[in-house]
Amino acid sequence: MKYGDKLKKMDRARIWQEYCGFLELSISDYMYIQNHLMWEQLQLWSKSGLGKSILKGETPETVEEFRRAAPLTTYYDYADILLSKNADMLPGEPVIWIQTTWEGGIRPIKVAPYTKGMLEVYKHNTVAVVMLASSNGDGDFNVTKKERVLYGGAPLPYATGLLPSLLDEDVSFEWLPDNNSGSELSFSERIKKGFDMAKKGGIDFFFAIGSVANYITESFGSNSGKKGGVRISPSIALRYVRAKYICKRDNRKLMPGDIFRIKGFVSTGNDAGCYRERLKNAWGVTPIEIAAGTESTCIATETWEHDGMVFFPDACFYEFIPEAEMKRNIENPEYQPRTCLMDEVSGGETYELVISVFKGGAFMRYRIGDVYRCISAGKDGSLPKFTYLDRIPSIIDIAGFTRISEASIEEVMTLSGLSVGAWTAKKEFDENNNPHLHIYTEISSGSAETSALSQKVLEEHMSVYFKYFDSDYSDLKKLLGIDPLKITILKYGVISAYQKKTGCVLPRINPDLMDITELLKFQNEYNMIYIEEGA
């Protein structure tokens, strides 16, 4: 039965229980669902060509045996089969293939197959997300059969492009400016059209990647006063006139919340948390954060309490690599880190997520590359809650649009043609909490003008890694509100000298902030040594 029909035939308590009842599960009931669905998935996956290729002759009969026998996997373990879209090797028949960035420049894309069962779970959980976004308490929701949604998601073949078509099967949402299928509008054109449509009839929900939501919000002031032949509804026009007066009186900017009264706000993507407070202030509604991905579908959501995400029990089987185990594995790739399950996590601890996708999914014991902190372990019988931190330390992701690794930066350094020495790169945040990539690199000795030229060349080469969402790099700069790339030129040889003095090895990707601070301090000392020795 479709959601719209349920509104007519079922009481609201039953609808809430169907979609959001998982929030009331005890941890033992939650784990029963996890283990049962995992056992069903194991029967499909272990018999498939893909499963046999990874298990290498092992035949686990139980979930426990599977965890002991099967290795932790990465996309490399699936690439040959999935990139060729060899459906005969899969545990379930793909209905659609979803795409995302793998590792820019080196391996541009990765694809993931979605079965009918996966899509049904995805749809069900997305409806739950919309209900929770409109909720002010347990059992309370405000989602009708028809809603107007300002939409800031990437189109198909990206995972967010599935949402309009999935939800349209159950509810008749109007997507502003459209459902992203076959749209030839540029990103900036879509934003303008979406606002024009909002002026005609208002907005009920706002769904967007966090950085895109911030861009849309920042663009509001420049779009709100332009008529351009757009017919504005009387109610919106009245709010606009009143808001302009209040803003002028209070000497402040016009905000979207002054004009639109939205029921719910859903934000996703890497760095979504960076924008939460400014979006809340602009719209008058706190965004609920969700966790979703190409390989995983929609796996977790916040509630009206905004105190951490709860993982859906029916999307994936979840394992967690403790932070110490993750770091040990980074230092020694041959080391196999141990994992714990949802009923074994500890509050305050940080974990790398490992997923096994249910309903005929391809990925099993898959290291998705995301890191979470458990903020409450649910020892009182409630479910654990998590907050998303970032990608794993060996990957730099800026606002959900990049997958930058040591190998991809090394390639850029080579392509630059510059005499580059040692380097390190770190994801950092400016004073406004905007993320950016900061590369600290040595350039062979030369004048200040040469260093400035080297910096410019490197920045031009690196800009290619910020073009996957939109071909226009300038749009991405606007999206983040900053230039997403910073280069600091170091004296040639300083990193080696620093490591020799301190006895530490500076990681190429995401070193500790303290190490960066000490390195920059050491460079001043190193410059004096360099001059005195006549090097």
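How many helices and strands does the secondary structure of the protein chain come to? The tally is 19 helices and 17 strands, where helices (H or I, at least four residues) and strands (E, at least two) are DSSP runs numbered from the N terminus. This is a predicted model, in which local features need pLDDT of at least 70 and side-chain atom pairs count only at pLDDT 80 or more, while totals for chains, interfaces and linings use all residues. Residues are numbered from 1 along each chain as its sequence is written, and side-chain values use heavy atoms, with hydrogens and water left out.

**View 1. The protein chain as a whole.** Of its 535 residues, 54% are buried; that label means under 20% relative accessible area, with exposed over 50% and partly exposed in between (1.4 Å probe, protein chains only). A contact here is a pair of heavy atoms within 4.5 Å. Looking at contacts with a separation of 6 or more, 66% link residues 24 or more positions apart.

View 2. Leaving out residues up to four places away in sequence, Leu-82 touches Tyr-75, Leu-90, Trp-97, Val-111, Pro-113, Ala-362 and Phe-363.

**View 3. Helix α2 against helix α7.** The axes of α2 (residues 12-20) and α7 come within 9 Å and cross at roughly 120 degrees. Axes are lines fitted to C-alpha atoms, for helices over the stretch in contact, and angles run from 0 to 180 degrees between N-to-C directions. On the α2 side, the contact is made by Ile-15, Trp-16, Glu-18, Tyr-19 and Cys-20, and on the α7 side by His-124, Val-127, Ala-128, Met-131 and Leu-132. Sorted by type, the residues of this contact are eight nonpolar, one polar and one charged (Ala, Val, Leu, Ile, Met, Phe, Trp, Tyr, Cys and Pro count as nonpolar, Asp, Glu, Lys and Arg as charged, and the others, Gly among them, as polar).

**View 4. Glu-352, a buried residue.** Glu-352 sits in strand β12 (residues 350-357), and it counts as buried because its relative accessibility is 2%. Not counting residues up to four places away in sequence, Glu-352 touches Glu-319, Phe-320, Ile-321, Met-326, Arg-367, Asp-370, Val-371 and Ile-392. Between the C-alpha atoms of Glu-352 and Pro-322, 30 residues apart along the chain, the separation is 6.6 Å.

View 5. The Leu-176 to Pro-177 peptide bond is cis, with omega near 10 degrees, and Pro-177 falls in the loop between β4 (174-176) and α9 (187-201). Asn-251, not a glycine, has a positive phi of about 55 degrees. Asn-251 lies in the loop between α11 (234-250) and α12 (256-259) and counts as exposed, at 72% relative accessibility. Arg-365 is also not a glycine, yet has a positive phi, near 50 degrees. Arg-365 is in the loop between β12 and β13 (366-376), and at 6% relative accessibility Arg-365 counts as buried.
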